[in-house]
Amino acid sequence: EMSEMSEKSKQNVAHGLAWSYYVGYLKIVLPRMKKSMEEFSRANPNLLACRKTWKLHILVPLNCDVYDELEKADSNIQYVTDLTETTLARAGTKKRVYKHSLYAIRDEENQLWHCAVEYATPLQSLYAMSQDECAAFSREERLEQAKLFYRTLEEILKGSKECAGAYRLIAYEEPEEAETHFLSREIVWHLRQEHHEEIAMLEGSQPHSPSTALDSAELNLQISVSDLPQPLRTDGF
């Protein structure tokens, strides 16, 4: 009966995508992220001066609108280079390559901010499902799935010791009226927060965090305790 209820509400879709994204990708790449950023910083000390930005910034657009090229989403975002890649044997594929791209983000004052950033790729699947008659996903259901995906992924990552400090989730809702540089402003806001956090840490004070960013409390999800992901086990199972 519980399984049937879950199928009807489609809650299993978002949960499955979040766990698959974590186990099959983030758990592999995030523990290596700091080392990769450190190697790049040694060769390019002026680009990544703030250590708090040495993480993967994961974009979570709640409308599931994912661009294959970030430059097409916002011209103030420009590709710089790729970080050191990781090569592993994975599920029968020899030398599977995992890599991240570094971007320069231009702000309103024409200043450049550098960071590794990419979309949460499972959102492409949610979008494709909403376009496929077989999946029977409405636009409203897709939005709720995107919110649940974000909340689930957030909880999973919070319980993951391997990934601690190696990521930043950037969830956002596109404005109703198109804004040319909305995405770059959103990313820069988070980068500024990371700079403030580093300064506060060095000074031993608490950073001031204005309530302009979208967080899980603002997603207005009605999720019961049983719907939330269970804590990660550390006993190998």
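Leaving out neighbours within four places in sequence, Ala120 is in contact with Tyr21, Ile58, Leu59, Val60 and Phe149. Contact means heavy atoms within 4.5 Å. This is a predicted model, in which local features need pLDDT of at least 70, side-chain atom pairs count only at pLDDT 80 or more, and totals for chains, interfaces and linings use all residues. Residues are numbered from 1 along each chain as its sequence is written, and side-chain values use heavy atoms, with hydrogens and water left out.

**Two buried residues**

Ala120 sits in the loop between strand E6 (112-119) and helix H5 (122-131). Helices (H or I, at least four residues) and strands (E, at least two) are DSSP runs, numbered from the N terminus. Ala120 counts as buried because its relative accessibility is 0%. Buried means under 20% relative accessible area, exposed means over 50%, and partly exposed lies in between (1.4 Å probe, protein chains only). His57 is 63 residues away from Ala120 along the chain, yet their C-alpha atoms are separated by 9.5 Å.

Leu126 is in helix H5. Is Leu126 buried or exposed? Its relative accessibility is 0%, so Leu126 is buried. Beyond four places in sequence, its contacts include Val13, Leu17, Cys64 and Phe137. Leu126 and Phe137 are 11 residues apart along the chain, and 8.6 Å separates their C-alpha atoms.

**The sheet**

What is the order of the strands in the open sheet? The 5 strands run E2-E5-E6-E1-E7, with mixed pairing. Two strands pair if DSSP finds at least two bridges between them. E2 and strand E7 (167-172) stand at the edges; each has a single partner strand, so one side of each lacks a neighbour in the sheet. From one strand to the next, the twist averages 40°. Axes here are lines fitted to C-alpha atoms, for helices over the stretch in contact, and angles run from 0 to 180 degrees between N-to-C directions.

E1 and E6 pair in the parallel sense over 4 bridges. His57 has Val117 in E6 as its bridge partner. Helix H6 (residues 139-158) packs on the sheet and touches E1 and E7. The direction of H6 makes about 165° with that of E7.

**Salt bridges**

Side chains of opposite charge can pair when their charged atoms come close. A salt bridge is a side-chain nitrogen of Lys or Arg within 4 Å of a carboxyl oxygen of Asp or Glu. The whole structure holds 11 salt bridges. The table lists three of them.

| Pair | N to O distance |
|---|---|
| Glu194 and Lys55 | 3.9 Å |
| Asp82 and Lys99 | 3.3 Å |
| Arg185 and Glu179 | 2.3 Å |

Take the salt bridge between Glu194 and Lys55. Glu194 lies in helix H7 (residues 182-203) and Lys55 in the loop between helix H3 (33-43) and strand E1 (56-61), so the pair ties together parts that are 139 residues apart in sequence. Both Glu194 and Lys55 are buried. Lys55 and Glu194 also belong to a network of salt bridges with Arg168 and Glu197.

Next comes the salt bridge of Asp82 with Lys99. This pair links distant parts of the chain, 17 residues apart: Asp82 is in strand E2 (residues 77-82), and Lys99 is in the loop between strand E4 (93-98) and strand E5 (101-106). Asp82 is partly exposed, at 26% relative accessibility. Lys99 is also partly exposed, with a relative accessible area of 45%.

In the last pair, Arg185 is partly exposed at 35% relative accessibility. Glu179 is partly exposed at 39%.
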